[in-house]
Amino acid sequence: MIKVYNTLTRSKEEFEPLEPSHVRMYVCGPTVYDYPHIGNARSFVVFDMIRRYLEYSGYRVTYITNFTDVDDKMITRANEAGITVQELAARFIAEYYRIAKELNIKPATVNPRATEHIDDIIEMVELIIKNGRGYVVDGDVYFDVSEHPNYGILSRISPDDLSAGARVDVDERKTDPRDFALWKAEKPGEPSWESPWGRGRPGWHAECSVMGAYYLGLPFDIHGGGQDLIFPHHENEIAQSSAAYNIETPVKYWLHNGFLTIESDKMSKSEGNFFTAREVLDHFDHQAVRLFLISGHYRQPLDYNTQALEQATQSVERIRNAADTLRGRISILEKRGSGKTEADDKLSEAIDAVRAGFEREMNDDFNSPGALAEIFAFIRAINTHTKDAEKTAVLRKALATLSELLGVLGIDVSKSSESGESADESVRFEGVIELLLEIRESARKNKDWATSDRIRDRLKELGVIVADTKDGPTWKLE
Ligand code: AMP
Ligand code: ZN
C-alpha cells in the first residue's frame with residue numbers, strides 16, 4: 001500500500017485513486033519565458049518519478065502538465081526581445097522538451113497550453129460569476145473570496161493574515177483585498193482575446209483549474225507542484241474549481257516538492273542565485289543530474305553544489321560498474337558453461353531483498369533516498385558475489401532487477417557513458433594515448449625534442465595533460 005503526504009490534510013494517507021487502477025494526475029508546468037533553472041527541473045523530475053512508481057505499482061496514469069504561455073513575465077520578456085509572446089513560448093517549449101529528454105522525463109499524456117484553452121477559461125469564469133462568486137470591474141473579473149466558505153483550506157493561512165498581507169497593495173476596486181483576478185482587461189501592447197467583459201487575457205490561476213477539469217474531470221487524484229505554489233496558486237485553484245463546478249474537493253491529494261536551494265536559499269530567477277538546467281546538463285553526466293535531483297526526499301530542501309553533483313557522478317559510475325561486472329561474468333559463463341554455488345544463492349537473496357526494500361521505501365511517500373540506499377546495498381552484494389556466481393539465470397535476473405528498479409527512478413544505465421561512448425571505445429582511446437606516449441618516449445631517448453614537444457603540446461590542445469615523472473610519463477584529461 002502506497003502512502004502519500006497530502007498537503008491538504010498535512011498527513012500521510014493511504015493512496016487510493018478515485019477510479020480503481022487508474023490515476024489522474026496534474027502537475028503545474030513551467031512558465032515558458034526563459035531557460036528553466038535546475039530547481040524547476042527538480043519539480044519536473046520528482047513528479048515524473050512519482051508517476052513512474054505509480055505505473056510500476058500497476059496503475060495506469062493519465063499525466064497532464066501544462067505550459068503557462070501567457071502572463072506578465074512572458075509579456076515583459078517578449079517585448080524586451082522584440083518578439084511576440086507566441087515566438088517566445090515556442091522557443092522555451094522546445095527547450096523544455098530537450099531538457100525533459102535529457103533528464104529521462106516520460107512524455108506527458110498531454111502538455112496543454114493556456115492559450116489553447118481561452119474559450120474554456122471564459123466558460124469557467126462565466127460559471128463563477130453566475131454562481132455569485134465573481135464580479136466584473138472595468139473589464140477585469142475578480143473572484144469574491146469573502147463568499148467562499150473554506151478559503152485557506154490548503155495553505156491554512158487565516159483570513160486575517162491574508163487580509164493584512166493583501167492590504168499592502170490595496171486596490172479600491174476590489175470588494176475584499178484577498179480577491180484575485182480571474183480575467184484581466186486588455187492593456188496596450190499585450191496579447192488579448194474577445195470575452196463577454198471585453199478584450200483581455202486569463203489570470204494565471206484560472207488556466208490550471210480549467211485544464212485539470214478539461215483533461216481529467218473533477219474530482220481527480222493528484223495535483224502537484226513546488227511548495228511555492230501552495231499559496232496563492234493552488235489555494236485559488238481550489239476556490240475557483242469549487243465555485244464554478246460546485247465541487248467541495250476538486251482534488252484528492254495535493255503533493256508539493258521542496259525547494260532546490262543554494263546555500264540554504266531557494267534557487268530563483270528573481271534572486272539571481274540560479275543555474276539553468278542547460279548549464280548543469282552540459283557540465284555533468286545526465287544520469288548523475290537525475291540521480292542528484294532524487295537523492296533527497298522530494299518534500300525536503302535539497303542543496304545544489306558541485307560536490308553533490310560529483311558525488312552523484314561517482315554513484316552513477318558505481319552503478320555502471322556493477323552492471324558491467326554482471327555482464328562480464330555472464331559472457332564468461334556463456335563460453336564455458338556453469339554449475340551452481342553459494343554465491344548464486346547469496347545473489348538470489350539480494351535480488352529478493354532489493355525489490356522488497358525498494359518497494360517499502362517508495363511506498364512510504366516515495367522515499368527515493370531510502371530506495372537508492374537499498375539499490376546500493378544490492379550493488380555491494382553484486383560486487384561481492386558475482387565473481388563466484390555460476391548461474392547465468394541468476395546473474396541475468398540481477399542485471400534485469402538493477403536496471404528495472406533504476407528505471408523506475410528514471411536512471412538509465414544501459415550505456416557505459418553519457419556520450420553514448422561504449423567501454424570498448426574508451427579502451428581504444430586509452431590505447432591510442434599510450435601509443436603516442438611510447439612514441440614520445442623514444443623521441444626523447446633520441447633527443448628529438450621537437451617531436452616530443454609536439455606530441456605533448458598537441459595532446460594538451462586536445463585536453464590531455466601529460467606529466468613526466470621519475471617512473472615515466474602519466475596523463476590525465478583536463
Ligand atoms: P515556474 O516556471 O516558475 O512556474 O516553475 C515551474 C515549477 O518549478 C513549479 O512547480 C515551481 O513550484 C517549481 N520551482 C520553482 N523554483 C523551485 C526551486 N527552487 N526548487 C524546486 N522547485 C521549484
Ligand atoms: Zn498551475
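This is a predicted model: local features need pLDDT of at least 70, side-chain atom pairs count only at pLDDT 80 or more; totals for chains, interfaces and linings use all residues.
Visitor: Why are helix H9 and helix H10 called roughly perpendicular?

Guide: The axes of H9 (residues 286-293) and H10 (residues 306-336) cross at roughly 115 degrees and come within 8 Å. Angles of 65 to 115 degrees count as roughly perpendicular, and so H9 is roughly perpendicular to H10. The crossing in which H9 passes H10 is right-handed.

Visitor: Which residues of H9 and H10 meet?

Guide: On the H9 side you will find Gln287, Ala288, Val289, Leu291 and Phe292, and their partners in H10 include Ala308, Leu309, Ala312 and Ile319. By class, this contact of H9 with H10 has 9 nonpolar, 3 polar and 1 charged residues.

Visitor: What makes H6 and H7 oblique to each other?

Guide: H6 (residues 204-216) and H7 (residues 230-245) pack at about 55 degrees, with axes 9 Å apart. Angles under 35 degrees would count as roughly parallel, and roughly perpendicular runs from 65 to 115. The pair is therefore oblique. H6 and H7 have a right-handed crossing. Among the residues that meet are Trp204, His205 and Cys208 in H6, with His233, Asn236 and Tyr245 in H7. The contact of H6 with H7 divides into 7 nonpolar, 6 polar and 1 charged residues.

Visitor: Why is H11 called roughly parallel to H13?

Guide: Helix H11 (residues 342-363) and helix H13 (residues 392-408) have axes that cross at roughly 20 degrees and come within 10 Å. The cut-off for roughly parallel is under 35 degrees, so H11 counts as roughly parallel to H13. H11 passes H13 in a left-handed crossing. Asp344, Asp352 and Arg355 are among the H11 residues in this contact, while Lys397 and Glu404 are among those of H13. The classes here come to 9 nonpolar, 2 polar and 5 charged.

Visitor: How do you know that the rings of tyrosine 35 and phenylalanine 92 are edge-to-face?

Guide: A search of the whole structure gives 18 aromatic pairs. In this one the ring centres are 5.1 Å apart and the planes are at 80 degrees. Pairing needs centres within 6.5 Å, and planes over 60 degrees apart count as edge-to-face, so this pair is edge-to-face.

Visitor: What makes this pair a link between distant parts of the chain?

Guide: Tyrosine 35 sits in the loop between strand S3 (22-27) and helix H1 (38-56), whereas phenylalanine 92 is in helix H3 (residues 85-102), 57 residues apart.

Visitor: How is the protein chain divided into domains?

Guide: The assignment has domain 1 (3-283), domain 2 (314-421) and domain 3 (428-478). The centres of domain 2 and domain 3 are separated by 38 Å, taken over C-alpha atoms.

Technical notes: Residues are numbered from 1 along each chain as its sequence is written. Chains are lettered from A and ligands numbered from 1 in the order in which they are written. Side-chain values use heavy atoms; hydrogens and water are left out. Axes are lines fitted to C-alpha atoms, for helices over the stretch in contact, and angles run from 0 to 180 degrees between N-to-C directions. Helices (H or I, at least four residues) and strands (E, at least two) are DSSP runs, numbered from the N terminus. Angles under 35 degrees count as roughly parallel, over 145 as roughly antiparallel, 65 to 115 as roughly perpendicular and the rest as oblique. A crossing is left-handed if the near helix is turned anticlockwise from the far one by less than a right angle, and right-handed if clockwise. Contact means heavy atoms within 4.5 Å. Ala, Val, Leu, Ile, Met, Phe, Trp, Tyr, Cys and Pro count as nonpolar, Asp, Glu, Lys and Arg as charged, and the others, Gly among them, as polar. Domain bounds come from an automatic or database domain assignment. Rings of Phe, Tyr and Trp (its six-membered ring) pair if their centres lie within 6.5 Å; planes under 30 degrees apart count as stacked, over 60 as edge-to-face and the rest as tilted.
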